[in-house]
Amino acid sequence: MYGHSRNRDFFPAALITGFLVTTLLVRQSLQQNDYNDYLKREHSLFKPYQGSGMTIPYWDFIGTTFVTNSYVRLTPDLQSKNGAIWNHVPCTSINWELQVNFKVHGHGKDLFGDGFALWYARDRLQTGPVFGSKDNFLGLAIILDTYSNHNGPHNHQHPYISAMVNNGSLSYDHDRDGTHTQLAGCEAKFRNVEFDTQLSVRYENDVLTVSTDLENKGSWKECLRVEGVKLPTGYYFGASATTGDLSDNHDIISIKFYELEAPSLLAEDRRQIVPSAATFEAPREHRDDPKQGMSNVKIFFLILLMMLIVVVLVVIGIMFYQKHKENARKRFY
């Protein structure tokens, strides 16, 4: 009797457990489908890339950018190249997420560069010194910098991901790797890995969150989160890259844009607002790194050089004195 009672209790519990598991799986599936329903093709880029001829639907490209069946290469692994790709449909969504599958790789082991940037900016297709695009821009830049230009001590290693919001008055300072104007950032080892690397830029209710999947785990790791970021609608998405004396391949594999269903906390018309951030700091004065004092080795060689100069002068003086004395003796005779 006791065994039959346990069996009767077991079956209802198993049915309830099965029902709960099934409900959870269905709910997750519906959530996933609902999320995918908000993928907007007009702001996205994925295979196959080509439309008719050499065009890409919804996208324009300039500079050294070229398209293959597997990737869109902004720059090849050659010196002094720059390229960009820009969406030509303005974004009208207030809350959105951009997921970018990219790859940065090259033959350089210790020296390589310079990196690339993702843009949400007012002006598109304009080349310039900020990773291939214009300086003093209006909008948002997510910068993936692979080479440190900073001459002094740095508080982080490279590659480095940072965010910058510009109202048009700020200049990106390459000599300081943009640290004077960045909102936040994180170290990120995304170069020369065997698998694709992923970046998520999420803008929701004035909160900017950048996350990465750089370990092929299929999950996001938060890089930075900044509150109080105000971005207007009507700007354009883009990606640009540049190489200088150092080089790398900078490849975009896919860009997927999602319009977020989350209710906006703002009722204002966002078409005319100026990009800003609550954590924005005024750019500090550009100062050259302090000159380092000479090392002991340099001091030693400098003293040695001075001693040699003194010895040479003494020898020349003695020779001149002896010559003068000899000439005087000849005149005496």
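This is a predicted model: local features need pLDDT of at least 70, side-chain atom pairs count only at pLDDT 80 or more; totals for chains, interfaces and linings use all residues.
Trainee: Which residues does UniProt list for "transmembrane region"?
Mentor: The unreviewed UniProt entry gives residues 299-321 for that feature. UniProt positions follow the numbering used here, feature names are shortened, and annotations may be inferred rather than shown by experiment. Residues are numbered from 1 along each chain as its sequence is written, and side-chain values use heavy atoms, with hydrogens and water left out.

Trainee: What does the model make of residues 299-321, helix or strand?
Mentor: That span is 100% helix and 0% strand, and its end C-alpha atoms lie 33 Å apart. Helices (H or I, at least four residues) and strands (E, at least two) are DSSP runs, numbered from the N terminus.

Trainee: Okay, on to the sheets. What's the strand order in the open sheet of seven strands?
Mentor: The order is β1-β4-β14-β6-β7-β8-β9, with antiparallel pairing. Two strands count as paired if DSSP finds at least two bridges between them.

Trainee: And which strands stand at the edges?
Mentor: β1 (59-63) and β9 (184-187) do; each has a single partner strand, so one side of each is left without a neighbour in the sheet. On average, neighbouring strands here are turned by 15° against each other, direction ignored. The axes behind that angle are lines fitted to C-alpha atoms (for helices, over the stretch in contact), and angles run from 0 to 180 degrees between N-to-C directions.

Trainee: How many bridges hold β1 to β4?
Mentor: Five, in the antiparallel sense, with W59 opposite N87 of β4. Five bridges also join β4 to β14, again antiparallel, and there N82 has T242 as its bridge partner.

Trainee: Is β4 (residues 82-87) mostly covered or mostly open?
Mentor: Mostly covered, with five of its six residues buried. Buried means under 20% relative accessible area, exposed means over 50%, and partly exposed is in between, using a 1.4 Å probe and protein chains only.

Trainee: What about β6 and β7, how many bridges there?
Mentor: Seven join β6 (residues 115-121) to β7 (residues 138-145), and the two run antiparallel. Y120 sits opposite L140 of β7.

Trainee: Changing topic: which residues touch the most other members of the largest nonpolar core?
Mentor: W96, F102, I142 and I161, out of 48 residues in that core. Such a core is a set of buried Ala, Val, Leu, Ile, Met, Phe, Trp, Tyr and Cys residues joined through side-chain atoms within 4.5 Å. Strand β5 (residues 96-105) gives the most to this core, with five residues. Apart from it lies another core, of 14 residues, among them F137, A141, M164 and Y236.

Trainee: What is I142 in contact with, leaving aside neighbours within four places in sequence?
Mentor: Its partners include F116, L118, I161, L199, V201 and V210. Contact here means heavy atoms within 4.5 Å.

Trainee: And where does I161 sit?
Mentor: I161 belongs to strand β8 (residues 160-167) and is buried, at 0% relative accessible area. C186 is 25 residues away from I161 in sequence, yet 5.4 Å from C-alpha to C-alpha.

Trainee: Now charges. How many salt bridges are found in the whole structure?
Mentor: The search finds 13, each a side-chain nitrogen of Lys or Arg within 4 Å of a carboxyl oxygen of Asp or Glu. One of them joins D248 and R191 at 2.6 Å, N to O. D248 lies in the loop between β14 (236-242) and β15 (249-259) and R191 in the loop between β9 and β10 (197-204), so the pair ties together parts that are 57 residues apart in sequence.

Trainee: Are those two buried or exposed?
Mentor: D248 is buried at 0% relative accessible area, and R191 also counts as buried, at 12%. By contrast, R225 and E227, which form a salt bridge at 2.9 Å, are partly exposed, R225 at 46% and E227 at 48%.

Trainee: Which residues form a network through shared partners?
Mentor: E97, R202 and E204. R202 and E204 meet at 3.0 Å, N to O, and E97 has R202 as its bridge partner in β10.
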